[in-house]
Amino acid sequence: MIDKPGVDERLLSAEVAAAWSLDGADLVFLPVGLDGNAWAYRVDTTGGGRYFLKLRRGEFTRAAVALPGFLRARGLRQVVAPIDLPDGGAVHSFEGYRLLLYPFHEGGSLWARGLTDRQWIEYGEFLGRLHQVTSSVELAAVLPVETYRPTAGERLRTLGGQAAASDALGAFWKRYGAALHRLADTVDELASGVTRARHVVAHADIHPGNLIADGDGPLHVVDWDAPMLAPRERDLMFVHSQDFGDHPIDAHRAALFRRGYGPVEPDQRLLSYYRGERHLDDVAAFLRSILDSEASPESRANDLRWLTRIAEAVADPGYAP
């Protein structure tokens, strides 16, 4: 999110320092993420410590709060988990928002830089271990379960009419609307014919933008906002698709990933379904954001750039989910 939340940052800074017993807290807004109800800050303390603060309008899911710590306790050291409050629990409330505080890892995301050879192997190792984790009874009760009932197509169809009639999106919709409607129909068709596969614990958004590393250092996996029980293809789609990150997989990187993950032959129909469904979900999110009357011109321009990038891929004659 490029636009800041409507909070007094001085009060927020003092609240964070008091809640987590920090020695002061200077906030630096981070314009990251696509969730219109979530914002991020870097927290710099007087003593030189750094943390990552996430604000949410509305509740964090129980799975998003509990799963990362559960995974770290089982040896998945790459998982970045929220820091507990001194009095217990991890979520703190502030003026209608919910707050989570995380360790801050230097280096930034790997979306633009790409993964090194060593990191491609670690990426595979991490996902392989994640997909072998057995959830506890308590976590299984709060983790969403894949239903193969996509909602993105319906959201796109609803927002399409508003987009066509708007000044901000009218020209865009005239050019790309038909292709996006075809994709919605294709995703519905794919969903009706997928083979129900064994479910694993899936991160569900594990693209390179959610992998943090300093140089060739170890990976840190962030943004556990929407984990679920789903086929492993839910995560492997981000590995095998060409759409996520500026340095996607090729034959060499695929071999490195398999070295870490192990032999794997993903179900191609499931990969197609998840790729198309993710494109639709992102398109619907960007349309909603651009149509938001409170969005700044800078935010709309940024969202339209990413929206057009997706639409151009979808409208390409060679495109197939």
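The model is predicted, so local features need pLDDT of at least 70 and side-chain atom pairs count only at pLDDT 80 or more, while totals for chains, interfaces and linings use all residues. Residues are numbered from 1 along each chain as its sequence is written, and side-chain values use heavy atoms, with hydrogens and water left out.

**Two packed helices**

Helices here are DSSP runs (H or I, at least four residues), and strands are too (E, at least two), numbered from the N terminus. Let's take α6 (residues 170-193) and α10 (residues 297-315): they pack at about 55°, with axes 9 Å apart.

| Helix | Residues in the contact |
|---|---|
| α6 | Phe 172, Tyr 176, Ala 179, Leu 180, Leu 183 |
| α10 | Leu 304, Leu 307, Thr 308, Ala 311, Glu 312, Val 314, Ala 315 |

Also in α6 sits Arg 175. Its relative accessible area is 64%, so Arg 175 is exposed (over 50%; buried is under 20%, partly exposed in between, with a 1.4 Å probe and protein chains only). From Arg 175 to Ala 311, the C-alpha to C-alpha distance is 9.3 Å, although they are 136 residues apart in sequence.

**Around α1**

Which residues of α1 (residues 9-19) are buried? They are Leu 12, Ser 13, Val 16, Ala 17 and Ala 19. Their cover includes the strands β1 (26-30), β2 (38-44), β3 (50-57), β4 (92-94) and β5 (97-103). After α1 comes Ser 21, with a positive phi near 55°.

Technical notes. Axes are lines fitted to C-alpha atoms, for helices over the stretch in contact, and angles run from 0 to 180 degrees between N-to-C directions. Contact means heavy atoms within 4.5 Å.
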